[in-house]
Amino acid sequence: MVAAGLLAFSFFTAALGAPLAREPLHVHDARSAAPQGYTASGAPHPDTVLQLRVALKQSNNAGLIDKLYEVSTPGSQSYRKFLSKSEVEQYVAPSAESLAAVTAWLDRNGVKATPGTTSQWLNIEVPVAKANAMLDTEFSTFEHSDTGVSAIRTLAYSVPASVKPHLDFIYPTTVFPVKATKAMANVHIASSHRHNSTAHTRRAGVDASCDNAMTPACLQALYNVPTTPATQSSNTLAVSSFVSSSSSTADLTNFLGQFRSDVPSSTTFAVSNLDGGVNNEAQTSVEGSLDIQYTVGMATNVPTTFFTVGSDNGGDLGGFLDLVNTLIAQETAPTVLTTSFGFPEALISQDFATNLCNAYAQLGARGTSILFSSGDSGVDDGEGGSCTTFRPTFPSGCPFITVVGATQGTAPETAADLSSGGFSNFFPTPQYQSDAVSSYLTTLGSTNAGLFNKTGRAYPDVSAAGISYQVVINGTVTPVSGTSASTPVFASIIALLNDRLIASGQSTMGFLNPFLYSTGKSALNDITAGSNPGCGTKGFPAEAGWDPVTGLGTPDFNKLLSALKLS
Ligand SMILES: *[C@@H]1O[C@H](CO)[C@@H](O)[C@H](O)[C@H]1NC(C)=O
Ligand SMILES: *[C@@H]1O[C@H](CO)[C@@H](O)[C@H](O)[C@H]1NC(C)=O
């Protein structure tokens with residue numbers, strides 16, 4: 001009653017054209033300091049226009065998450081009975097009341113909103129002076145000391161009580177840009193890597209050359225991946241591309257000619273552009289080349305689409321929101337989405353992290369298997385500067401995605417040093433992994449005590465080879481390493497399993513983790529040696545069972561088929 005009265009009063013004063021009665025504002029989101037490396041360099045010009053995105057509260061996000069687990073957990077009555085676009089919307093569409101409360105507040109401030117990518121989003125343009133008043137804050141220009149990356153951000157903002165329960169968050173406000181946009185791609189040109197293998201542990205059919213030059217043939221032998229073409233056209237593999245990571249068709253043709261001479265060299269991929277992104281074939285990137293060659297070249301004949309997302313001033317993190325919301329807005333969602341980009345969890349706010357993670361839950365409920373690389377900086381996050389406690393990557397900490405780490409060598413296959421792994425500071429350990437994580441923590445004992453958050457969502461979930469991939473870049477075979485390599489390979493294997501499922505009249509795998517941590521676990525090769533150093537420590541050791549370097553292990557296509565009762 002009181003809130004309604006206040007709202008009416010505000011309308012009344014605004015309608016009379018009187019100066020706006022100052023509504024009491026309440027802090028909605030705050031961070032204690034700018035991320036490491038960023039310092040405020042002054043106030044932006046008051047007329048500078050900020051492009052903000054307003055996310056409304058979703059009506060029943062908890063219900064949607066319950067549903068996600070129901071459709072993803074083996075043994076559940078609705079296992080793999082995915083939701084349609086409109087069924088998801090029934091859970092998450094903001095209530096009419098929320099829309100009314102937020103638009104009334106914007107109206108009172110003379111701000112006009114336009115619709116965003118989904119019903120959750122409104123876009124607004126507000127000059128700095130007005131944004132400062134209406135959010136009771138002071139936007140500053142922040143600069144990054146190493147790179148000079150500059151952005152207008154704030155450490156906290158407030159909204160009226162009438163708005164607070166209806167607002168999820170406002171982007172970018174407290175979310176800082178990635179220091180160097182290149183840092184988002186979890187990949188690098190490999191330095192020469194030499195492995196001494198012990199021949200007796202070599203898996204059948206895996207050539208010794210695979211230790212130093214990973215190819216599709218090596219991966220097929222290592223993980224029992226079929227070379228036979230997929231047959232189902234409803235199966236789709238989506239490949240994310242941020243920060244102008246382009247991929248060339250000529251390099252793909254060259255790659256297939258050298259490494260997949262059994263498939264037509266005309267095999268290619270579709271491109272879908274958003275936010276002004278383009279696939280610039282004349283300016284290929286290491287990441288784009290790798291991601292396309294090891295999806296098209298591994299998921300034989302699975303329809304593959306390269307989603308190129310343009311940059312924005314939000315350090316590309318807005319691109320993450322746009323891609324997932326664009327896919328959610330499609331009537332038919334892709335069956336697999338692979339992303340080899342990530343960023344430090346410390347750059348973002350809990351509200352932003354939660355919003356993005358909930359969007360992945362929606363896509364998962366639609367039946368998309370979402371895979372992300374864990375990162376290439378061991379227990380650190382790749383941002384540089386001093387590291388006093390282990391620094392998690394994002395979206396690795398989101399419980400609704402499958403996070404892929406890296407291994408090296410083949411005989412035996414061990415953890416790759418670079419493989420990022422650890423524990424989120426935002427998301428608690430989800431139930432599906434709690435047994436696996438607590439066994440690991442028992443084995444770990446006091447190692448790294450105090451350096452990581454034991455109660456956080458732990459990652460990676462799984463892993464795959466990540467060192468010295470042979471990639472054709474501008475016509476030349478170049479060795480490339482990173483969890484960026486592991487992820488498209490794991491995703492391709494899921495896409496090939498989906499092909500078999502569809503061919504036998506079943507639905508696709510969807511959100512993988514509840515399966516992987518239960519009936520799927522024994523279909524993976526457990527990796528038990530190696531570690532992921534960082535922050536001046538040896539990092540976490542790989543152990544029998546799940547570990548925060550290689551997760552549950554690397555895939556075995558044939559065993560996964562059996563776990564799905566397809567063989
Ligand atoms: C490939 O060549 C183009 C044109 O010279 C260049 O812009 C691009 O950076 C090169 N790609 C890589 C990954 O070196
Ligand atoms: C540790 O993670 C939990 C979530 O599981 C979170 O609530 C808590 O704030 C985190 N602790 C720190 C120090 O970040």
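Let me start with arginine 53 and aspartate 322, whose side chains form a salt bridge at 2.8 Å, N to O. A salt bridge here is a side-chain nitrogen of Lys or Arg within 4 Å of a carboxyl oxygen of Asp or Glu. Helices (H or I, at least four residues) and strands (E, at least two) are DSSP runs, numbered from the N terminus.

This is a predicted model, where local features need pLDDT of at least 70 and side-chain atom pairs count only at pLDDT 80 or more, while totals for chains, interfaces and linings use all residues. Residues are numbered from 1 along each chain as its sequence is written, and side-chain values use heavy atoms, leaving out hydrogens and water.

Is arginine 53 buried or exposed? Arginine 53 is buried, because its relative accessibility is 17%, and aspartate 322 is buried at 9%. Buried means under 20% relative accessible area, exposed over 50%, and partly exposed in between, with a 1.4 Å probe and protein chains only.

The structure has nine salt bridges. One of them joins lysine 67 to glutamate 70 at 3.2 Å, N to O. Both residues sit in helix 2 (residues 61-72), three residues apart, about one turn of the helix. Glutamate 70 is partly exposed, at 34%.

Next, aspartate 380 pairs with arginine 391, with their closest N and O atoms 2.6 Å apart. Both lie in the loop between strand 16 and strand 17, so the bridge ties parts eleven residues apart in sequence. Aspartate 380 and arginine 391 are both buried.

Finally, Lys85, Glu89 and Glu331 are linked in a salt-bridge network.

Technical notes
Chains are lettered from A and ligands numbered from 1 in the order in which they are written.
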